[in-house]
Each structure stands twice: as structure tokens, then as C-alpha cells.
Amino acid sequence: MSRRILRIELRRSTAVWVALLLAATGGFMLRALNPPYENWMQVVTVQRDMMQLTWPLALAAGAWQAYRERRSRVEELVGTTPRQRWQRVQPIAAAMALAAAVGYVLMLAGGLANIKDVGGYFSPGAVPIIAIGALAIVGAVWLGLAIGTLLPSPLTAPLLVVAGFAGLAVLPQMLVEANREPGTYLLLPFLRGPRDGGFFPQVLSTGANLSQLLWLAAVAATGLTLFAAARTRTRVAAMIPAVAGAVAILPVLPNQVAEAWLPDRGALKLICTEQRPQVCVPRISRHELDDLQEPGRRALAVLAAKLPNPPTRVVGTLDDAPGRPAVTQPADTLPAPVGVAMGTPGSGIDMPVSASEGLLWALLDGAGTRPCPDLEGTPEDPNEEYYLARRAAAAWLIGQVPPEEQQLPGGQAKSSGDGTVTQVLDALHALPAEEQRTRVAAFREVERTCAAGDRLEILTGTPGPG
Amino acid sequence: MRPLTRYLRSRSVPAGIAVLLGCAVCLWALGLAVDNRDGRSLLVLLATVAGVVVIGPGLAGPDHDLDRVAAIAWSPRRALHLVVAAAIVVGLLGATAQIGDPMSGMALIARNTAGLAGLVAVGAVTLGAARATLLPILWAVLVMQVTPPMGTPPDRPVYKEMLTWLAQPIGSTPATVTAVLLGVVGTLAYALFGSRR
């Protein structure tokens, strides 16, 4: 196959349109239908997840292209040329594959326009995810060419979109509950992100990447052979790669898709300011460093002024997966929430104040500690009393009633029954100044080590209402 | 009777009806397998898209010039063809969706079919009957991400509600307006101009 024929085929087929269609629809979905992405890994994973939509589109594009000769009524004419079918279809298969792969990569431009920090950390784990996605879309186009050849009808392409969408997007979700996808879901062209770990930086394991690579390459080979085959016997033989691929990788698939996602150590390397006191963030949250510096240093100053043995540096900490073990936090470090934790209940940033002020409150929450996982309660039933105590410690350190209660007349509880931060603060202020200091310092100690004990009692001397 | 039979055959209606029946059977079978409420109504939406897509290729005959020179008033016949085809889709899929535990309301199926059929007709006028299905398919695919259970459709501003009319619940006025508008514009355009060659 010469380059000249490929060029003609690129001009005369729908290849360019297919590339544009994939890039435009996928790019639009990446750009418009999702909130801004935190990092690169998230963009490429969402792009793979969206293959529930783009994969059927590519399949239909192939089927549409395969119908060309019938549509132009030159099927018999072309059939009489003295060349084998497999030789004849090479240029169009190459042109369509090229178009699909280019369209898939161009799609990323939509994500590029929607990422918070484009120059930020690019995980090496993102490269195989993009490459395997491109391979999957090439396989879809070839499979579509094969189906379009076997079922030459103007209805094949649109019905393939609907059927592919029902099969990829609707049924897998209906049959298995979220986060419990079995490992066989890695056989599907789309890839679910690590839902369990929230936005904790993760990469897909090499084993999972390799099995997907092998399987999707086998599917693409089957599609191409099926398209190029002229006889029934060859068509049956075309199934061999797909079957062999499935047999080869089924035993090595993990039990659940979630197991194939591993933490990304490279993303957690700290980037610190030169200026003292040091403020650090993980590499993946580099863009948050500037905003963190001012409130971070203010929080360090407040702690140094009011408590003995204060921390000396601020370190941005990502929200990790639920079920993390309780570990003792180092005394010289003030943890700062970074990543998508912003604005979730309990992070304390969902308030009507400036971002810097909100960050200060979040930093000093629990006297500058992270909440202990075994005390937080569940997302459905959070331990309000615990959060109240942590918030009151921050209010004592800052010397103000928290902003969300400042407008309330006379410290009225917004959620009655649990009391308000103002009430806890008043109880604390009723004690002698030296004892207030000792109690908050003790509170910080138990929070840091996640020791047992009623937090409100430690703080004020009287146990909580519940 | 002969002219009608020939007309129907020239528009490949028998094959279309067969495919439509296939869609209805698939919908019925999937309705038995899936018990999630949102999932069931999403399947009905997909079946509606498939059903309307079947109308597309039949919007033009095999020989454009032959149709054009015939001494037949095509405009009312084209409008009738589209309306009857859409009515068959609504009737068949609507009836299927009501079997057993209802999967989706009749009004919703009628609204979506009306809008999608109008879109197919617009596609036939602008792109030709063979490519007519591109418009409803693309619109449906782009809207799918905000369709329950995959997502939630926006409830304001009005233009977003109109763009996602396929995903909106039946109570949404902008969605109904969009569907009716598409249906009317599509039917009028197709009746007046016919399919592009």
C-alpha cells in the first residue's frame, strides 16, 4: 500500500470527518459537562470513562464507512478488480484507524482547556491510559467496518450507537453496584476511575494495563481480519484472536477493578517554599501553594502565640481514601487540606468568607490537626459533636465566633440539639485563662494521637449533650 | 391499493417495521432484566432514539428524479408519511413500555418521539435521507451524560433546559416547547422541501 493511496483514501473517505466528530463531541463533553479537573490523571481517566459514548460512535463511524460502496452502487464493480479483498481494504482500514486515533488524542484539547493547572504534575501513569484508549478506539472503528460489511444497511450505523450505548453505559451500571465492579469490567473499553479513593492520586497497575492492552489489541485484530475476510471460513477464523486474548487474560484479572488502582507515589512528593516558615504541598497540588502561604503562616503564628510546642511548618495533605488507619500526626507539622476536599461538609470551607479566611479556619480546625477517622462517623451520619469540638478549638485560637454563626442572633443553634460553637466557646471562656490554654493544648494532643476520650469534655470539662 | 403498496416498498417500510418490532422486543426483554427505575426510563429513551432512527432512510425514495417529475402532490403525502411513522413508533414502543410494570409514561415517549422525528426530518432536508439520523443520534449522545441515572439534567437556565430536552422530566415546559418546535419545523421543512438528494 503506497502513501499515495492512503492520502487519496483519507481525502475520499469519511476519515477526516470521523476524526473531527470524535474530537468535537469528546472534547465538548470533557470541557462543558464536567467541573474543572484537579490534575492530568483525572482528565485522561474521565476521557477513558467517556468511551461509553465515544466507543459506540467510533463503531458506528466504521459501519458507516463500510457501507460506502453499497451506497454508491459500485460494490460489484469494485468486486471485479483483480486484487484480493485483504489487499483492497488496507488503505481504508489504515485511514480510518489513523483518523480515530488522531481524533481520540485531539479530544484531550477539550480537557486541556478545563484543567486547573495545565503545567502541573503529569503522572507517568497517564501515558498508558491515553495509549490504550487510542488502541480501543481503533479497535472500535475496525470492528465497525467489519459489522458494516456483514450487515450493509443505512440503519446499521445509527443502531450500533444505540446498542453500543445501551450495552456499555446502561447495562453494566444496572447489573453491578458502583465501586464493586468485578475485574472482568477491565475487558470493557471504558475505564472507571478510582471512585473509592476520591481524588487521591492513583495509577492503574502495570498488570491491568497490560491485560487491557492485550485484550484490546486482540479485539482490534479480530475486527480487522473480519473486515478483510472474503470467505466464511476466514471470518470464523477471525474470532481466534479475541477468544485467545480473553482466555489468556481472564485468569490474571483482579477480583475487583478497584484493586487495580494503586497509589501514585510520585504525585505525593512535597514541593516547599524557600521562605521560612516552610509551606509545602504535594506535587500534584502545586497550584494551591500560592493560596496556602498567607493563611498557612498566619495559622502558624496563631498557634505559636497561644499554645506550647507549636508546629513549625505547613504541609498540604490530600484527603485519602475512607477507612484510612488512625496514625499519630507529627507535632512539628500543621496539616493543610488540599485537593478536592474544599467545600465538603466538615472541611469548614463552605462558609460565606474569603478563601483565605476560610482556609485559616480549616487549618486551625481541631487546633491544627486532621480529624480522626474513627471519630468522624459516616457521611450519612456524621459525628456532629466531634466536629463542634474541633471547630470550637479553632474559634478559641482565632479569638472569634466562626463566620457561619456570626449572623445568628444570640448564638442560636442552626442545628438544634447539638449546640453551637458559640456555646462551647462560652463554656471554655468561663474557665481561668491558664486552664483554657492547658485544655486546648491537651485537646490538640489527643487529636494528634487520635486517643480515645470525649472531645467536648476534654475541651470544656463538661461532657457533650449527646 | 397497488400504488400504496408500491410506495411503501419504495420507502423500505416493511424492513423498517421489522427493525422497529426488533427494537420493541429488545426493550421488552431489557425491561424484564433491569429493575432500576431511572435505568428503565433511560432504556425507553434509547429505544425511542432507535425507533425514530428507523424512520430516517425511508424519507427518500430510491430515485429522486423520478419522484420529482411525477404529477403527484408530494407535500401533504410527505407530511402524512412522517406523522404516521412517528405515530407508529409512539404506539409500538409506548405499548411495549406499559407491559407489566410501566417503564416510562406515554406522554414522555410521545414528546421525545415528536422532537426526534422532527430532527430526523430536518436531517433529511439538510443532509439527505441517508445521513438524516446523524442529528438525532448526536444530540442524544451529547445529552446522555446528564440523563438519570448517569447524571442530572439542569433545571435552569432555560437555554440549558432546552438543549437537554431529551433528558428533562415531562413537567418541564422548555423541553416540551423544544420538542414541539422541532417536530413542527421538521414536518413543515420536510413537507415543503423533501429530502436532499
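Visitor: Which two strands of chain A form a hairpin, and how many residues lie between them?
Guide: The hairpin of this predicted model is made by strand 3 and strand 4 of chain A, with 6 residues between them.

Visitor: What makes strand 3 and strand 4 of chain A a pair?
Guide: Two strands pair if there are at least two bridges between them. Strand 3 (residues 270–272) and strand 4 (residues 279–282) of chain A have 3 bridges, so they count as a pair. The sense of this pairing is antiparallel. One place to look is Ile271(A), which stands opposite Val281(A) in strand 4.

Visitor: How do you know that strand 4 of chain A also pairs with strand 5 of chain A?
Guide: The same test works here: the cut-off is at least two bridges, and 2 bridges join strand 4 to strand 5 (residues 313–318) of chain A. Therefore the two strands pair, and they run parallel. Cys280(A) has Val315(A) in strand 5 as its bridge partner. Between strand 4 and strand 5, the chain passes through helix 14 (residues 289–306) of chain A, in a β-α-β crossover that is left-handed.

Visitor: What is the order of the strands in the open sheet of chain A?
Guide: The 4 strands come in the order 3-4-5-6, and their pairing is mixed. Strand 3 and strand 6 (333–338) are the edge strands, since each pairs on one side only. From one strand to the next, the twist averages 30°.

Visitor: Which strands does helix 14 of chain A lie across?
Guide: Helix 14 of chain A lies across strand 3, strand 4, strand 5 and strand 6, and runs at about 130° to strand 4.

Visitor: Why is Arg73(A) called exposed?
Guide: Arg73(A) has 8, so it is exposed. You will find Arg73(A) in the loop between helix 5 (68–71) and helix 6 (75–79) of chain A. Its phi is near 55°, a positive value in a residue other than glycine.

Visitor: Why is Ser12(B) called partly exposed?
Guide: Ser12(B) has 19, so it falls in between and is partly exposed. Ser12(B) sits in the loop between helix 1 and helix 2 (13–33) of chain B. Although Ser12(B) is not a glycine, it has a positive phi of about 45°.

Visitor: How do you know that helix 1 of chain B lies largely in the open?
Guide: Helix 1 (residues 2–10) of chain B has 9 residues, and the number buried is 0, so the helix lies largely in the open.

Visitor: How many residues of each chain take part in the contact?
Guide: Chain A gives 19 residues and chain B gives 23. On the side of chain A, helix 2 (15–32), helix 4 (51–66) and helix 10 (156–175) each supply at least two residues. The largest share of that side, 10 residues, comes from helix 10. By type, the side of chain A that touches chain B divides into 16 nonpolar, 2 polar and 1 charged.

Visitor: Where in chain B are Pro149(B) and Pro157(B)?
Guide: Pro149(B) lies in the loop between helix 7 (134–144) and helix 8 (158–163) of chain B, and the loop between helix 7 and helix 8 also holds Pro157(B). A cis peptide bond joins Pro148(B) to Pro149(B), with omega about 5°. Another cis peptide bond joins Arg156(B) to Pro157(B), with omega about -10°.

Key: Residues numbered from 1 in each chain as written. Chains lettered and ligands numbered in written order. Predicted model: local features only at pLDDT ≥ 70, side-chain atom pairs only at ≥ 80, totals over all residues. Right-handed = clockwise from strand over helix to strand, strands pointing away. Contact = placed C-beta atoms within 7 Å. Nonpolar A, V, L, I, M, F, W, Y, C, P; charged D, E, K, R; others polar. Buried ≥ 20, exposed ≤ 12 C-beta atoms within 10 Å, placed from the backbone. Axes fitted to C-alpha atoms, helices over the stretch in contact; angles between N-to-C directions.
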